[in-house]
Amino acid sequence: MGDAVEWAEAQGEGGKISSVLKRTNALVRLDPRGQEQLLAANLTGLLIVVAAQRPPFHAALVDRYLVAATRQRLKAVILVTKTDLGVPATVERELASRARLELHVIRLNATDVEGTHEVRDLLARSENAGPW
């Protein structure tokens with residue numbers, strides 16, 4: 001996902017990919033056999049979406065994504081959903097520790113559209129730069 005390609009018309013077939021252009025970055029993980037698996041390429045940033053409590057917040061998973069973003073020099077934003085259901089004190093502490101590292105944290109809930117506007121504005125500013 002996200003590869004830039006060169007396309008050639010192919011009569012009767014619509015077209016075909018003639019080459020894949022060089023990637024500016026690549027988000028990868030290791031599969032069970034230890035082989036690299038491409039998740040996305042040519043990203044502008046990484047939007048890390050987590051629930052405040054349902055399903056449970058996993059700080060270690062957030063940190064894995066933050067490390068991956070840092071390795072690829074990607075801007076990372078943490079998007080916390082379902083905050084209207086309450087944010088446990090342990091999650092608040094985890095989010096505060098990341099905010100102290102100057103990581104952007106956006107909160108979404110079903111009763112307030114402010115976070116929705118913030119996400120929309122973030123993605124709109126990056127529209128020409130590439131996918132998140």
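At 14% relative accessibility, Asn42 counts as buried (buried is under 20% relative accessible area, exposed over 50%, partly exposed in between, with a 1.4 Å probe and protein chains only). Asn42 sits in the loop between β4 (36-41) and β5, and its phi is near 60°, a positive value in a residue other than glycine. Helices (H or I, at least four residues) and strands (E, at least two) are DSSP runs, numbered from the N terminus.

The model is predicted: local features need pLDDT of at least 70, side-chain atom pairs count only at pLDDT 80 or more, and totals for chains, interfaces and linings use all residues. Residues are numbered from 1 along each chain as its sequence is written, and side-chain values use heavy atoms, with hydrogens and water left out.

## Other backbone features

Most residues other than glycine have a negative phi, and most peptide bonds are trans. Glu102 also has a positive phi, near 65°. This residue lies in the loop between α2 and β7 (104-107), and at 74% relative accessibility Glu102 counts as exposed. Arg73, which follows α1, has a positive phi near 60°.

The peptide bond from Arg54 to Pro55 is cis, with omega near 0°. Pro55 belongs to the loop between β5 and α1.

## The sheet

β5, β6 and β7 form, in that order, an open sheet of 3 strands with parallel pairing; two strands pair if DSSP finds at least two bridges between them. β5 and β7 are the edge strands, each pairing on one side only. From one strand to the next, the twist averages 25° (axes are lines fitted to C-alpha atoms, for helices over the stretch in contact, and angles run from 0 to 180 degrees between N-to-C directions).

β6 and β7 run parallel and are joined by 4 bridges. Leu79 has Ile106 in β7 as its bridge partner. α3 packs on the sheet, where it touches β5, β6 and β7, and its direction makes about 135° with that of β7.

## Nonpolar cores

In soluble globular proteins, nonpolar side chains tend to be buried together. A nonpolar core is a set of buried Ala, Val, Leu, Ile, Met, Phe, Trp, Tyr and Cys residues joined through side-chain atoms within 4.5 Å. The largest one here has 20 residues, and those with the most contacts inside it are Ile48, Val50, Phe57, Val62 and Ile78. Two or more residues each come from β5 (45-51), α1 (59-71), β6 (75-81) and α2 (89-100). α1 gives the most, with 5 residues.

A second, separate core of 6 residues includes Leu79, Ile106, Leu108 and Val119. Leaving aside neighbours within four places in sequence, Ile78 is in contact (heavy atoms within 4.5 Å) with residues including Ile48, Val50, Val62, Leu66 and Ile106.

## Helix α1

The buried residues of α1 are Ala59, Val62, Leu66, Ala68 and Ala69. Their cover includes β3 (26-30), β5, β6 and α2. At 1.5 Å a residue, the 13 residues of α1 should span 18 Å, and its end C-alpha atoms are 18 Å apart, which agrees; the expected span is 1.5 Å times one less than the number of residues.

## Trp132

Trp132 is in the segment after α3 (114-125) and is partly exposed, with a relative accessible area of 21%. Trp132 and Ala76 are 56 residues apart in sequence and 9.3 Å apart in space, C-alpha to C-alpha. Beyond its neighbours within four places in sequence, Trp132 is in contact with residues including Leu43, Leu47, Lys75, Val77 and Leu122.
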